Amino acid sequence: MAAGRSSAGALLLPLVLAPGCAPDGGADSAAVPGQEEGASAPQPQHTLTADQTHNRWSRTIPPILTVESGAVIEAYLEEASDGQLTPESTFEDLARLSFDPIHPLTGPVYVEGAEPGDLLAVTLHEIELGDWGWVANVPGFGFLADRFPDPYLKTFEFEPEDTSVDFAPGIRIPLRPFPGVMGVAPDTDSMLVTIPPRQNGGNMDDRDMVEGSTVYFPVLVEGALFSMGDPHVAQGDGEVGGTAIEGPLRVVYELEVIKGAGPIASPH
């Protein structure tokens, strides 16, 4: 779920690298440790549930899990409205939509040994669809709000093996799920909202952050404190209307500390 007309989303976009590439363009053999091309995803060592969430960025938010570098984590991500919308919702429910709980983020995860000046490599090994999703036009929200003032809501049902979905007669949308928000804690005690992207990552809405990719984040506080959320089932190049096809996801990801490789100005 994107920002409104004042979004900074166009100002900070991550460069997402395929496994085996480092931020400087060179080889990085540690990008997907122990996984050969064509191999199955590694088995998760930890599981985080969809109710283990927060929706602000701050170094003061305590971690819900502490892991070693190289840990593989299974995380269940709640859809962006945090349960305000359901498969039974209608467009009338959009009038009651509150932005206060938007972007529930599963985490934070404390990574032992991560310190400012390091990088945190996050490899997305597996992304699995949930059973439903939604797309909406929320009045007054998004870059096209002046052109499309009326509320609209469409919900979808999914099976795990689905690769596309019917949007309208003759229009079928390919599915390419990814987490729209990923990031580490910023070095602040303030409780920052999740809408704008920042140096720590956040609401990047980059549709290339898909299964098999690695994203590098600058470590800004001890332990990094990594979280992810805002799961998208399908999205174009940005969210000019304010939403993607939003829906819950299961993500298996790996966290690796790269010592002394930072800082970098934004995720890569």
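Helices (H or I, at least four residues) and strands (E, at least two) are DSSP runs, numbered from the N terminus. The model on screen is predicted, so local features need pLDDT of at least 70 and side-chain atom pairs count only at pLDDT 80 or more, while totals for chains, interfaces and linings use all residues. Residues are numbered from 1 along each chain as its sequence is written, and side-chain values use heavy atoms, with hydrogens and water left out.

Select glutamate 159 to begin, which lies in the loop between strand 8 (152-157) and strand 9 (164-168). Glutamate 159 counts as partly exposed because its relative accessibility is 45%, where buried means under 20% relative accessible area, exposed over 50%, and partly exposed in between (1.4 Å probe, protein chains only).

Now select strand 14 (residues 226-234), which is mostly covered, with 9 of its 9 residues buried. For its neighbours, two strands are said to pair if DSSP finds at least two bridges between them.

Next, show strand 11 (residues 178-183), whose antiparallel pairing with strand 14 runs over 5 bridges, and pick out proline 179, whose bridge partner in strand 14 is proline 231.

Finally, select strand 15 (residues 245-246), which runs antiparallel to strand 14 and is joined to it by 2 bridges; at this place histidine 232 has glutamate 246 in strand 15 as its bridge partner.
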